[in-house]
Amino acid sequence: MPEEVARSRREAGLRFSTCAAAPSGQDGFGAYHDLYAMVADVVRLDGAFAVEVTAQRLHGMILFDRRMQGVAHVRSPRRVVRDGFDHFTAQLVLDGALAVGTPGGVRTAGPGEIALIDMNRPME
């Protein structure tokens, strides 16, 4: 791939909405599952499901605004060993709650709180 094309892809942002995914012939959950397949296993929870994600690369980071309902992300011990994904996420909760489960227990972050997640460890 020419360097110019590779650079363009690295600099491009991402916009995803389960509402927009449905017309592609794939239901919104399937499309979101495939989008995050490299990072985590996506599990549909009970109740309504909806996701909107806007992401932008900024130097060595990816900044994202993600609004989720009825979905969980899981990184099992086996997956952590298998994929070697070795960075962390800092997630600022603006509305609602974010429950993070680790082998050490479950913590919930509410509005105005930040969850720092080590992606090199099992979590859900």
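**Entry 1: the largest pocket**

I began with the classes of residue that line the largest pocket: 31 are nonpolar, 11 polar and eight charged. For this I counted Ala, Val, Leu, Ile, Met, Phe, Trp, Tyr, Cys and Pro as nonpolar, Asp, Glu, Lys and Arg as charged, and the others, Gly among them, as polar. A note to myself before going on: this is a predicted model, where local features need pLDDT of at least 70 and side-chain atom pairs count only at pLDDT 80 or more, while totals for chains, interfaces and linings use all residues. Residues are numbered from 1 along each chain as its sequence is written, and side-chain values use heavy atoms, with hydrogens and water left out.

How is empty space found at all? Rolling a probe the size of a water molecule over the atoms shows where it is left. On a 1 Å grid over the protein atoms alone, a pocket is an open set of points where a 1.4 Å probe fits, with protein on both sides within 12 Å along at least five of seven lines. Lining residues have an atom within 4 Å of a point. Grid points are joined across faces, edges and corners, and the volume is the space filled by probe spheres set on the points.

I then looked up the volume of the largest pocket, which is about 1900 Å³. Its lining has 50 residues, and the closest to the centre are Tyr36, Phe64, Arg66, Thr89 and Gln91. Two or more lining residues come from each of helix H3 (28-36), strand S3 (50-58), strand S4 (61-69), strand S5 (71-74), strand S6 (88-92) and strand S7 (98-102). Which element gives the largest share? I found that S4 does, with nine residues.

**Entry 2: the second largest pocket**

Next I turned to the second largest pocket, which holds about 210 Å³ of space. It is lined by 13 residues, and Val100, Thr102, Pro103, Arg121 and Pro122 are the closest to its centre. S7, strand S8 (105-109) and strand S9 (114-118) supply at least two lining residues each. By class I noted seven nonpolar, three polar and three charged residues here.

**Entry 3: the overall layout**

I stepped back to the whole chain and found four helices and nine strands. Helices (H or I, at least four residues) and strands (E, at least two) are DSSP runs, numbered from the N terminus. Along the sequence the pattern reads α-β-α-α-β-β-β-β-α-β-β-β-β. Of the 124 residues, 31% count as buried. Buried means under 20% relative accessible area, exposed over 50%, and partly exposed in between (1.4 Å probe, protein chains only).

**Entry 4: salt bridges**

Side chains of opposite charge can pair when their charged atoms come close. My cut-off for a salt bridge was a side-chain nitrogen of Lys or Arg within 4 Å of a carboxyl oxygen of Asp or Glu. By this rule I have five salt bridges.

Arginine 67 meets aspartate 65 at 3.1 Å, N to O, and aspartate 65 is partly exposed at 33% relative accessibility. Arginine 121 pairs with aspartate 118 at 3.3 Å, N to O. Is arginine 121 buried or exposed? At 54% relative accessibility, arginine 121 counts as exposed, while aspartate 118 is partly exposed at 36%.

Shared partners join Asp41, Arg75, Arg79 and Asp83 into one network of salt bridges. Within it, the closest N and O atoms of arginine 79 and aspartate 83 are 3.2 Å apart. Both residues sit in helix H4, four residues apart, about one turn of the helix. I noted that arginine 79 counts as buried because its relative accessible area is 5%, whereas aspartate 83 is partly exposed at 27%.

I came back to proline 122, found in the segment after S9. Proline 122 is partly exposed, at 23% relative accessibility. Arginine 78 belongs to helix H4 (residues 77-83) and is exposed at 68% relative accessibility.
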